[in-house]
Every structure is written in C-alpha cells, then in structure tokens.
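Subject: Structure for you to look at

Hello,

I am passing on the structure we spoke about. Please look through it first; my notes follow below.

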Amino acid sequence: MQWKPLRPGFGLAGRIDRTLVDRVGVNGVESLFRAGTDDYWMEQALIESMNSVGISAPNPGVGCVIVKNGRELARGHTQAWKQAHAERMAFHALPQDADLEGAEVFVTLEPCSHTGFQPPCSDLFPGRGIARIVVATVDPDPRVSGEGLRRLATSGVRVETGVLEPEVRASLFPFTKTRGPKKTVWVAKWARMPSGHLADVDGNSKWITNAKSRAYTHWLRQKYDAVVVGARTFLVDRPALTVRDCALPRQRQPERVVFDPRGELLSLPESELECFRVLVCNDLLPEPRRDGTVFVGMDATPESPDLGLVFKSTLESMNFEKPLQSVMVEGGARLLRTLFESGVFDAAHTFTGAQKFDRLSAREWLESGPGAGFSPCTHHVFDEDVLQEWVKED
Ligand code: AOF
Ligand code: ZN
C-alpha cells in the first residue's frame with residue numbers, strides 16, 4: 001500500500017507543532033481547520049492522542065473527544081500499556097450529569113471489540129443516545145480489524161470513518177506498521193547539510209539542525225522504544241540520546257544502544273557507558289564483559305555480510321522493560337548504509353539543515369532520502385531546516 005503525502009503540519013509524530021509547544025489551543029498551536037468541522041474535532045482527538053507518547057506502546061496512542069452542540073464535553077487518551085483506552089478515559093472525564101443524547105464522539109482509532117488487558121471500548125457507546133461516532137481509521141490489530149465498527153453499527157450507532165485518515169494513520173506509526181505483536185519496526189533518522197554531508201572533519205555533526213528540528217527529534221526519541229548510534233558516532237559526538245528539548249509531556253527515555261561490532265568502546269570506563277547497551281561481535285568480547293549488563297555479544301564478525309541482520313535479531317531478542325516495538329537509528333552514515341543494505345528499515349526521517357562547514361570530510365555522506373520502495377509522506381519546514389519523512393510501501 002502507498003502512503004499518501006500528508007496535509008501540511010502533520011508528520012509521523014502527529015501534529016508537528018505540538019512537539020514544539022506545550023499547549024495547544026489559546027496561546028499555543030492554532031488549529032489548521034475551521035472550528036466545529038469534523039476535521040477540526042479529529043485534529044483535536046489526534047492532538048489529545050499525542051499525550052500517550054512514550055507510555056502507551058506497544059499499544060497505539062489513541063485520542064477521543066466527546067462533543068455536543070458544537071461544544072467539547074470531554075477528552076481522553078490511551079494510558080500506559082495494559083491500562084485504560086482513550087474512549088474510557090474520555091467517558092471518565094465527562095461531567096457527572098452529562099446527557100449524551102445527540103452527542104458526537106471523535107476517536108482516532110476504531111473502538112476495540114475484544115477483551116485484552118482492557119474491556120472492549122465498543123461496549124461504551126450503545127444505548128446512550130449518541131448521534132454518531134466519527135473514526136479516523138480502522139484498527140489493523142487482527143483481533144479488531146473492522147469488528148469494532150460492525151458491533152457499533154449493529155447496535156444502532158451511526159458510524160463514520162475516514163476523517164483525517166492519512167494523518168492519523170501516520171501518527172499511529174509504528175503501530176500501523178506492526179504485523180502482530182512480535183514485529184519490531186525500524187526507522188532511520190539522519191540530519192545532513194545541503195551538500196549531503198553528515199559531519200565535517202571536526203565532528204560538528206551535532207550542530208547541523210536548529211532547535212525546532214532538535215525538538216522534533218527528541219519527541220521521536222520518546223515515541224520509539226530504542227535509539228541506536230554506531231560506535232564512531234558515539235565516540236565523536238558523545239550523544240546523550242535523551243528526550244530533553246521538546247514540548248511536554250516528556251514522559252519516557254528510550255533504551256539507548258550502541259552498535260560497536262569492533263569493540264571500540266570496550267576500553268571506556270563503565271561510568272561513561274551508563275544507560276547504554278553496547279552490541280559487540282562475540283569474538284571481540286572478552287570473558288569479563290559478557291555479563292550482558294552493558295556489553296552484549298553478536299553472533300557475527302565485523303566482516304560478516306549479514307552483520308546488519310545479526311544486529312537486528314540480537315537487539316530484538318534482548319530483554320527490555322517492555323516489548324521492543326520500534327527502534328530509531330540516528331547514525332552514523334556507515335551504520336545507516338549497512339542497515340539499508342540489509343533492508344531493515346520501515347521508515348525514515350531526514351533533516352536538511354542550512355548549516356555549512358568549511359572543512360568537509362567526504363567520508364560521512366548520505367542521500368536526502370531512503371530511495372526506491374519508500375513513499376514520501378511529510379515535507380515540513382522548521383525555519384531554515386527541512387524535515388522529510390518516508391514510509392516503506394507495504
Ligand atoms: C481502543 N482505544 O485507546 C487503544 C486501542 O490489551 P488491550 O485491551 O489494551 O488492547 C490492546 C489493543 O487495543 C491494541 O492492539 C489495539 O488493537 C487496541 N488499542 N483501542 O479502542 C485505545 N489503545
Ligand atoms: Zn479499546
């Protein structure tokens with residue numbers, strides 16, 4: 001399936017300005033739509049869903065807004081994994097005496113029909129006098145997959161779908177790309193200068209993009225479960241890979257991982273590797289470092305042609321606090337190339353900054369996009385920087 005270009009202002013993180021500004025509404029991000037239209041209310045539900053960033057995965061972050069006579073009654077978003085879904089939160093937030101006769105419900109994802117960790121949301125609506133339920137997109141989870149809509153329709157509730165669908169579907173990424181609970185989605189992210197270089201000889205690769213691009217990147221770090229860099233990038237940049245400079249809520253740090261096939265980080269003191277997991281080829285990993293707390297072995301040599309795939313399967317089989325639904329690789333160029341060649345990536349975020357350095361090194365260079373097989377979906381300008389996003393065609 002092709003992914004359509006999104007309307008301006010939307011990206012894989014959702015409503016892009018929401019990643020930069022804490023408040024949406026008065027003195028915050030202006031709506032892109034005329035107040036009171038279906039698009040307007042679905043945009044509000046999408047913005048509400050962004051409060052689930054970092055906590056709901058592997059559940060999708062869903063948003064729900066309940067409206068009556070053109071006025072909002074309540075809104076809610078998906079809570080932490082295994083906890084309440086968006087619709088239930090919106091119902092809990094209703095005023096005690098709320099009369100839903102004639103009300104409209106806007107929800108980004110089809111209400112669920114199954115009992116998982118939570119009871120089915122589609123049971124919340126019948127018999128309340130609700131005039132209609134507007135849904136952006138069908139739930140790709142095979143346990144639901146249209147059944148929620150069918151249940152609502154047979155219980156006599158009017159259901160409409162497709163409002164702001166491409167934008168919501170993109171914002172639900174990586175959930176929308178997972179096939180079954182075991183699949184881990186991989187995304188590439190890189191920032192380049194207009195020349196295509198990722199770094200100059202002095203290692204100034206950290207400062208290619210501006211504060212807005214950085215805020216968006218930090219938001220992405222909490223959206224995805226793990227963030228990866230290569231050993232060379234780690235040694236040159238000493239990146240923290242944390243969520244710091246984006247809008248609130250900043251509610252989760254990603255797992256931080258270094259791809260170090262040659263064991264270049266083995267001589268660093270442990271204090272410099274706190275919070276990181278470092279993946280090294282087995283033969284280069286000395287016995288005392290094999291306890292798996294910092295260093296983890298890969299069943300490959302640095303020259304193995306399938307090194308990218310071994311790295312992927314090693315990382316995916318590691319134990320983290322939660323299932324690893326998604327991984328973002330932030331560079332450098334060699335690691336990104338290795339993983340592109342192995343066909344690992346499902347999407348890419350690229351930033352092109354205006355910054356030019358004098359002493360360029362041709363070593364670290366990348367195209368402006370991931371190439372054939374990926375559909376462009378986002379084109380957004382952060383002042384002088386350009387953000388582009390692509391999703392692999394299904
Ligand atoms: C909704 N509203 O806010 C979310 C939904 O194990 P459970 O009960 O938490 O169910 C998880 C599944 O429910 C998930 O895979 C997806 O299909 C759906 N998520 N559904 O109605 C929500 N987060
Ligand atoms: Zn549900």
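How many nonpolar, polar and charged residues does the shell around ligand 1 have? By class, there are 9 nonpolar, 6 polar and 5 charged residues in that shell. Here Ala, Val, Leu, Ile, Met, Phe, Trp, Tyr, Cys and Pro count as nonpolar, Asp, Glu, Lys and Arg as charged, and the others, Gly among them, as polar.

Some ground rules. This is a predicted model, in which local features need pLDDT of at least 70, side-chain atom pairs count only at pLDDT 80 or more, and totals for chains, interfaces and linings use all residues. Residues are numbered from 1 along each chain as its sequence is written, chains are lettered from A and ligands numbered from 1 in the order in which they are written, and side-chain values use heavy atoms, with hydrogens and water left out.

The ligand

Around ligand 1 there are 20 residues, and those that come nearest are His85, Ala86, Gln118, Asp139 and Asp141; a residue counts as near if one of its heavy atoms lies within 4 Å. Taken alone, ligand 1 exposes 520 Å², of which the protein buries 97% (Shrake-Rupley method, 1.4 Å probe).

The domains

The domain assignment, which is automatic or from a database, gives domain 1 (31-174) and domain 2 (183-392). Their centres, taken over C-alpha atoms, are 34 Å apart. Domain 1 brings 13 residues to the contact and domain 2 brings 16 residues, contact meaning heavy atoms within 4.5 Å.

The cavities

There are 2 cavities of 30 Å³ or more. A cavity is a set of points, on a 1 Å grid over the protein atoms alone, where a 1.4 Å probe fits but cannot get out; lining residues have an atom within 4 Å of a point. Points are joined across faces, edges and corners, and a volume is the space filled by probe spheres set on them.

The largest cavity has a volume of about 260 Å³. Its lining draws at least three residues from each of domain 1 and domain 2. Of its 21 lining residues, Val53, Gly61, Ser171, Phe173 and Lys223 lie nearest its centre.

The second largest cavity holds about 30 Å³ of space. Its lining divides into 3 nonpolar, no polar and 5 charged residues, including Asp225 and Arg252.

Regards

Notes. 1 Å grid on protein atoms, 1.4 Å probe; cavity = no way out; pocket = protein on both sides within 12 Å on 5 of 7 lines; lining within 4 Å.
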